[in-house]
Amino acid sequence: MSSFSSLLFAEPSFTEGLARTLDMGGTLTLHNESATPKQADFWAIYSDWRAVGQDIREAEMNEANRLLHR
């Protein structure tokens, strides 16, 4: 998982993940909190566009390599 897709939620450690298997009430689930809904939207949209930009750069590099190694 890229850093873009995990921006708005916390990634548990192995131990926390193991503990979640026994957490029937979902009390261990954590989310990265934003001060306001507007701020959360900003970070989500920012993350989406960063991921799009990264995909475009990777596609450009793959195409350049393909053309250079014909």
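**A walk around the model**

Guide: Let's start with tyrosine 46, which is partly exposed because its relative accessible area is 36%. Keep in mind that this is a predicted model.

Visitor: What kind of aromatic pair do tryptophan 43 and tyrosine 46 form?
Guide: A pair of aromatic rings is described by the distance of the centres and the angle of the planes. For tryptophan 43 and tyrosine 46, the centres are 5.4 Å apart and the planes make 90 degrees. An angle over 60 degrees gets its own label, so the pair is edge-to-face.

Visitor: And where do tryptophan 43 and tyrosine 46 lie?
Guide: They're three residues apart, about one turn of the helix. The helix holding both of them is H2.

Visitor: How many aromatic pairs does a search of the whole structure find?
Guide: The pair of tryptophan 43 and tyrosine 46 is edge-to-face. Searching the whole structure brings up a total of three aromatic pairs.

Visitor: Why is the pair of phenylalanine 42 and tyrosine 46 stacked?
Guide: Their ring centres lie 6.0 Å apart. Planes under 30 degrees apart count as stacked. The planes here are at 15 degrees, so phenylalanine 42 and tyrosine 46 are stacked.

Visitor: Which residues form one aromatic cluster?
Guide: Tyrosine 46 pairs with phenylalanine 42, and tyrosine 46 also pairs with tryptophan 43. The cluster is made of Phe42, Trp43 and Tyr46.

Visitor: Is phenylalanine 42 buried or exposed, or something in between?
Guide: Buried needs under 20% relative accessible area, and exposed needs over 50%. Phenylalanine 42 has 47%, so the label is partly exposed.

Visitor: Which residues form a salt bridge?
Guide: The count for the protein comes to one salt bridge. A side-chain nitrogen of Lys or Arg has to be within 4 Å of a carboxyl oxygen of Asp or Glu. Here the closest N and O atoms are 2.6 Å apart, and the partners are glutamate 63 and arginine 66.

Visitor: About how many helical turns separate glutamate 63 and arginine 66?
Guide: Both residues belong to helix H2. Because they're three residues apart there, the separation is about one helical turn.

Visitor: Which residues make the nonpolar surface patch?
Guide: The patch covers about 420 Å². One of its members, isoleucine 56, is in helix H2, residues 37-68, and has 48% relative accessibility, so isoleucine 56 counts as partly exposed.

Visitor: Where is aspartate 23?
Guide: The protein has two helices and zero strands. Helix H1 spans 14-20, and the place of aspartate 23 is the loop between H1 and H2.

Visitor: Is aspartate 23 buried or exposed?
Guide: Leaving aside neighbours within four places in sequence, aspartate 23 is in contact with Leu28 and Thr29. The cut-off for buried is under 20% relative accessible area. Aspartate 23 has 17%, so it counts as buried.

Visitor: What share of the residues of the protein count as buried?
Guide: The accessible surface comes to about 6,100 Å², with 62% of that belonging to carbon and sulfur atoms. Of the 70 residues, the share that count as buried is 7%.

Methods:
Residues numbered from 1 in each chain as written. Predicted model: local features only at pLDDT ≥ 70, side-chain atom pairs only at ≥ 80, totals over all residues. Heavy atoms only, no water. Patch = residues over 30% accessible without salt bridge, like charges linked within 9 Å, V, L, I, M, F, W, Y side chains within 5 Å. Areas by Shrake-Rupley, 256 points an atom, 1.4 Å probe, with all protein chains shown as cover. Helix = DSSP H or I, 4+ residues; strand = E, 2+ residues; numbered from the N terminus. Buried < 20%, exposed > 50% of the residue type's maximum accessible area, 1.4 Å probe, protein only. Contact = heavy atoms within 4.5 Å. Phe/Tyr/Trp six-rings, centres within 6.5 Å; stacked < 30°, edge-to-face > 60°.
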